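Please look over the sequence and the structure shown below before reading on. The report is meant to be read with both in view.

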Amino acid sequence: MASSEQLYGDSLPDQVDRISANLDAHIQLVADVRELYKDRVALERDFATKLQALAKKSAEKKVKMESVLVLGDDPTKAWGESTLKQSTLNFAFDSIINSMANTAQDHNNIADTLTTQVVEALKIVERKHENIQKTARSFLNRYEGQFYLKLISDRDRSYSERLKTKQKYDEECGEVEGNRQRQSRANDDKHAERVARQSEQQRVDMLNSKNAYIIATAIANKTKSKFFGTDLVHLENQLQAVQTRLVNKFAKILLHAQALQISHLDVLKNRLSENEARLNEVNPSKDQDLYIEYNIRPFSAPSDWKFEPCATFYDNEEMSVEPDAKTVLQNRLRRSRGKLQELMPVIETKTPEREYEQLEKLAIAYDGDHSLGNIEDISDKYLETDHNMTFFRTSECILNAEIDVIVKAIGDDVGAQQPHNFKSSSFSIPTTCGYCKTSIWGLSKQGKTCKVCNLSVHAKCELKVPADCQRGGGVSRHASRLSTSTSSASRMSVTGTSIPTQLVTPTASSFVHAVSKEEEYHSTAKVLFDFTATSEFELSVSEGSTVTVIEHDDGSGWVKVNDGSGDGLVPASYLQHGTGPASGSNEHGSGQYVKAIYAYEAQGSDELGLKDGELIELSNGPSGGQYYGEGWWEALDPGINSLGQKGIFPSNYVELV
């Protein structure tokens with residue numbers, strides 16, 4: 001290091017004590033840095049120990065699972081360690097674990113190096129300069145006590161000598177003045193001569209004292225000048241030289257410490273570079289080929305199933321086309337074709353190839369600008385769409401198979417073209433099935449009723465009824481949300497309209513029966529008298545309450561109503577009928593609340609999203625709330641409760657409150 005252009009002796013006169021304290025601070029800094037590196041070494045050793053344990057644990061786990069990873073749990077060929085090393089992924093994993101173990105040893109090495117070449121070196125410097133400090137103190141003591149104090153003593157003695165000579169001079173002057181006065185009084189005295197001689201001698205002594213005083217003053221000045229101009233300057237410069245040597249040695253040790261750490265980081269960087277090279281060599285195709293090679297097994301597809309006649313009844317594999325059986329086949333054919341007609345536009349507009357092209361375009365855009373979005377979300381969306389497409393293709397396969405086998409049996413004889421529009425219904429009073437002429441009973445939608453001609457049948461008889469609805473004017477189907485959206489999208493694509501449309505993948509709720517507005521509207525009635533139920537089919541009501549009429553009196557004298565807590569029969573004479581929908585805390589609400597036990601994100605416009613712990617009110621009516629559809633319930637949207645908007649959600653996501 002270059003020496004300072006300024007010297008303490010020239011720039012800091014008479015500051016020996018402060019310079020000495022500053023040297024003490026430098027020596028303390030050496031001690032503090034030594035402790036710093038000592039703690040750093042302890043951290044390196046602790047990290048190395050934990051890293052070694054982690055590498056060992058990972059290696060042991062790898063040994064247990066690497067054969068399964070590379071060859072599977074039951075390879076068909078003999079294998080050895082060399083086989084496992086052929087896997088590029090396994091080899092890269094080996095490299096990472098070995099690099100981790102070697103890195104742990106590298107941290108131990110840097111800890112040892114820092115200990116021997118930095119901590120110990122600083123300790124030596126500290127001890128040496130502690131000795132220097134002691135020597136400096138001794139030096140100072142020597143110069144302060146023996147030299148420095150001697151200088152001060154000599155200086156002070158010269159100062160004192162000057163004062164003494166000045167005092168003697170003053171005394172001699174006083175004596176001379178006294179003798180002069182005595183001599184003036186002794187002019188006539190016979191001793192005048194003797195007095196004159198004494199006076200002259202006294203004057204000579206006074207002059208000598210004067211000269212001694214002047215000499216002492218000159219000596220004191222010279223001593224002072226030498227003390228401040230030479231001795232202190234030299235002493236301060238010597239302390240500065242000691243400090244310079246200390247700082248230079250200290251800086252060299254720290255520079256060496258930085259070089260050691262840079263070398264350590266270079267070693268770690270090289271290990272990471274080796275891992276990077278191994279990971280770049282990972283080849284999924286090569287690893288998959290290796291897995292295939294060791295897992296080839298003979299395989300033959302299962303043979304097709306065939307019709308097996310009953311052991312107690314002789315029959316053949318030809319489908320029955322007798323009138324009643326043909327009616328069921330015609331209804332099944334019509335229903336399958338209707339479902340296929342709804343499904344095909346979705347499949348045609350959601351082909352994997354088109355989705356993949358869109359994915360590639362978005363992936364390129366997102367890769368160029370990460371602010372546009374996360375490419376992983378695109379991949380997840382594509383996979384979700386692909387999975388849905390697989391399910392749709394499965395449905396298409398099932399429907400086509402059913403259509404093909406039925407068409408093969410009945411040909412072009414599709415029967416009447418006025419199908420019934422059945423809806424699920426509950427029958428709380430005896431009702432005769434329009435097909436089999438037997439009674440229908442049940443409170444949980446065990447039958448069907450045509451919304452056009454009001455024909456009631458068992459659920460099991462629905463497909464047996466010929467498509468000859470007496471009041472139906474041609475095919476009158478309830479259009480599902482799926483067919484509406486897809487047909488609209490098809491029209492837009494054909495006409496080339498500029499309105500952008502995007503077909504939404506149908507959700508599970510899209511195929512759940514949606515209650516029409518006609519079904520939702522029910523008249524209300526006021527209870528005129530208290531009624532206590534005497535059977536499970538009846539409903540207890542109180543005078544003055546308002547109930548919703550679900551099924552009017554059919555001549556039996558009973559009316560089926562809903563009071564918000566449940567459905568049941570009450571005597572028709574107990575009610576005064578109104579005209580509007582039931583009123584209550586909310587005209588659309590049932591008063592029954594449920595609590596969401598899981599969060600649910602709405603998948604369609606007709607669905608209702610749920611938040612974990614949220615309370616929502618179920619909708620009113622026989623086809624709302626818990627009675628909406630299999631596995632789905634309907635509730636009021638809590639965000640727009642005043643508008644009465646409703647949505648459906650999976651029933652297993654909530655619990656009744």
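## The model and its charged patches

The structure is a predicted model, and what is said here about local features rests on residues with a pLDDT of at least 70. On its surface, a positive patch is formed by Lys128, Arg245, Lys249 and Lys252. Helix α6, which covers residues 192-280, supplies the largest share of this positive patch, namely 3 residues. Lys252 has its place in helix α6, and it counts as exposed because its relative accessible area is 57%, where the cut-off for exposed is over 50%.

A patch of negative charge is also found on the surface, where Glu376, Asp377, Asp380 and Glu384 gather. Among these residues, Asp380 has its place in helix α10. The relative accessible area of Asp380 is 47%, so this residue is described as partly exposed.

## Salt bridges

The structure holds 14 salt bridges, and a few of them are described here. Glu35 forms a salt bridge with Arg34, and the closest N and O atoms of this pair are 3.3 Å apart.

Lys326 forms a salt bridge with Asp413, in which the closest N and O atoms are 2.9 Å apart. Because Lys326 lies in helix α8 (residues 323-349) and Asp413 lies in the loop between α10 (375-410) and β1 (422-432), this pair ties together parts that are 87 residues apart in sequence. Asp413 itself is partly exposed, with a relative accessible area of 34%. Salt bridges can also be linked to one another, and Lys62, Glu66 and Asp94 are linked in such a network.

## Cysteines

How many disulfides does the structure contain? The count comes to 0 disulfides, under a rule that asks for a pair of cysteine sulfur atoms within 2.5 Å. Cys450 is in no disulfide, and the nearest cysteine sulfur, which belongs to Cys453, is 3.5 Å away.

Are Cys450 and Cys397 buried or exposed? Cys450 is buried, with a relative accessible area of 0%, whereas Cys397 counts as exposed at 52% relative accessibility.

## Positive phi angles

Two residues can be described by the backbone angle called phi. For Lys437, phi is near 65°, which is a positive value in a residue other than glycine. Lys437 has its place in the loop between β1 and β2, where β2 covers residues 439-450. With 58% relative accessibility, Lys437 counts as exposed.

Asn454 is also a residue other than glycine with a positive phi, and its value is near 65°. Asn454 lies in the loop between β2 and β3, where β3 covers residues 456-458.

## Residues apart in sequence

Where do residues that are apart along the chain lie in space? Ala31 and Val119 are 88 residues apart in sequence, and their C-alpha atoms are 9.7 Å apart in space. Ala31 has its place in helix α2, which covers residues 16-71, and it counts as buried because its relative accessibility is 11%.

In a second pair, Lys451 and Ser424 are 27 residues apart along the chain, and their C-alpha atoms are separated by 10.0 Å. Lys451 is found in the loop between β2 and β3, the loop in which Asn454 also lies. The relative accessible area of Lys451 is 28%, so Lys451 is partly exposed.

Notes: Residues numbered from 1 in each chain as written. Predicted model: local features only at pLDDT ≥ 70, side-chain atom pairs only at ≥ 80, totals over all residues. Heavy atoms only, no water. Patch = residues over 30% accessible without salt bridge, like charges linked within 9 Å, V, L, I, M, F, W, Y side chains within 5 Å. Areas by Shrake-Rupley, 256 points an atom, 1.4 Å probe, with all protein chains shown as cover. Salt bridge = Lys/Arg side-chain N within 4 Å of Asp/Glu carboxyl O. Lys, Arg positive; Asp, Glu negative; His and termini not counted. Charge placed at Lys NZ, Arg CZ, Asp CG, Glu CD. Helix = DSSP H or I, 4+ residues; strand = E, 2+ residues; numbered from the N terminus. Buried < 20%, exposed > 50% of the residue type's maximum accessible area, 1.4 Å probe, protein only.
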